[in-house]
Each structure stands twice: as structure tokens, then as C-alpha cells.
Amino acid sequence: QVQLVESGGGLVQPGGSLRLSCAASGFTLNYVAVGWFRQAPGKEREGVSCISRGDDSTSYTDSVEGRFTISRNNAKNTVYLQMNSLKPEDTAVYYCATLQRCGAQGVYWGQGTQVTVSS
């Protein structure tokens, strides 16, 4: 059974950091691209970051460039999103998804984890 489980969300003050995890079961994450997405209340879901299969090249939306880092640990079958210098506008539910390639539609999705940036 294919499953993605996100964890690591929570409440953090502006300027703080969180690391989100996306753990996979039922398949090997190393063979797919993995994207992080987020959806804030009243807004459309947006792509945040993606890591490609094969060469592990990464991409970021402009608003998180330089603050967020995506990576994968193949031994743990997990993809991470390190989020630094968090801002209130980063508040959202964050989802991970598998993709055939970065920029494509998500195939398998996790249940999401809430990130709240507030003082």
C-alpha cells in the first residue's frame, strides 16, 4: 500500500525554523520526484519546492528561495523540507506528493501537516 506521511509541523515564532519530513511506505522515494506544496486558508494550493529523481536537482518558489531546503535520505525513504527564517506568510498546511517530474501534477499525496508562524 502506497502511503506518504508528513510530520514536523507546529507553531513557531517568526524567524524560527522547522524541519518537515515526508516518509514513504509501499514504494521507494528515490525513484520519483517529490514536491512540497502548501495551502493557506482561503488560498489556492501552491508548489513550494521539488526534488527531482536521478540527479536530485532542486527547485523552489521565489518566496522561499534561500530560506527553505529540500533534501532526501534514501536509507530512511524520507524527503525533508528544512524551513528557516520563517515568516507569518509561511503559515499553511504543508503536503508532500510524488510526481513523475517536477512541475507535473502530484500522484500520491500525504495528509498534510500544519505550520503556524506567529508571535
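Two strands pair if DSSP finds at least two bridges between them. Strands (E, at least two residues) and helices (H or I, at least four) are DSSP runs, numbered from the N terminus. The model is predicted: local features need pLDDT of at least 70, side-chain atom pairs count only at pLDDT 80 or more, and totals for chains, interfaces and linings use all residues. Residues are numbered from 1 along each chain as its sequence is written, and side-chain values use heavy atoms, with hydrogens and water left out.

View 1. Along the sequence the pattern reads β-β-β-β-β-β-β-β-β-β-β. The radius of gyration, taken over C-alpha atoms, is 13 Å. Along the principal axes, the C-alpha atoms fill a box of roughly 40 × 30 × 25 Å. Buried means under 20% relative accessible area, exposed over 50%, and partly exposed in between (1.4 Å probe, protein chains only). Of the 119 residues, 41% count as buried. Accessible areas come from the Shrake-Rupley method with a 1.4 Å probe; for residues, only the protein chains shown count as cover. The accessible surface comes to about 6,300 Å², and 44% of it belongs to carbon and sulfur atoms. Contact means heavy atoms within 4.5 Å. Among contacts with a separation of 6 or more, 55% come from residues 24 or more positions apart.

**View 2. Strand β8 pairs with β3 and with β7.** β3 and β8 run antiparallel and are joined by six bridges. A23 has T78 in β8 as its bridge partner. β7 and β8 are also antiparallel, with six bridges between them. Here T69 stands opposite Q82 of β8. The two strands β7 and β8 form a hairpin with four residues between them. In that turn, N77 has a positive phi of about 50 degrees. Is β8 enclosed or open? Five of its six residues are buried, so β8 is largely enclosed by the rest of the structure.

**View 3. C22 and C96 form a disulfide.** A disulfide is a pair of cysteine sulfur atoms within 2.5 Å. By this rule the count is two. The sulfur atoms of C22 and C96 are 2.1 Å apart. The torsion about the S-S bond is 75 degrees, and the link is right-handed. C22 lies in strand β3 (residues 18-25) and C96 in strand β9 (residues 92-99), so the pair ties together parts that are 74 residues apart in sequence. Both C22 and C96 are buried.

**View 4. C50 and C102 form a disulfide.** The S to S distance is 1.9 Å. A torsion of about -90 degrees about the S-S bond of C50 and C102 makes this disulfide left-handed. C50 sits in strand β5 (residues 46-51) and C102 in the loop between β9 and β10 (106-109), so parts 52 residues apart in sequence are tied together. C50 is buried, at 5% relative accessibility. C102 is partly exposed, at 23% relative accessible area. With bonded cysteines counted along the chain, the disulfide pattern is 1-3, 2-4.

**View 5. The largest nonpolar core has 27 residues.** A nonpolar core is a set of buried Ala, Val, Leu, Ile, Met, Phe, Trp, Tyr and Cys residues joined through side-chain atoms within 4.5 Å. L29, W36, F68, V79, L81, M83 and Y94 touch the most other members. Two or more residues each come from β3, β4 (33-39), β5, β7 (68-73), β8 (78-83), β9 and β11 (113-117). β3 gives the most, with four residues. Leaving out residues up to four places away in sequence, F68 touches R38, V48, Y60, L81, Q82, M83, N84, L86, D90 and Y94. Another core lies apart from the largest one. This other core has five residues, including F37, C50, A97 and L99.

**View 6. D56 and S85 have positive phi values.** Most residues other than glycine have a negative phi. Phi of D56 is near 55 degrees. D56 lies in the loop between β5 and β6 (58-60) and is partly exposed, with a relative accessible area of 30%. S85, also not a glycine, has a phi of about 50 degrees. S85 is placed in the loop between β8 and β9. With a relative accessible area of 39%, S85 is partly exposed.

Notes: The radius of gyration is taken over C-alpha atoms; the globule rule is 2.2 Å times the number of residues to the power 0.38.
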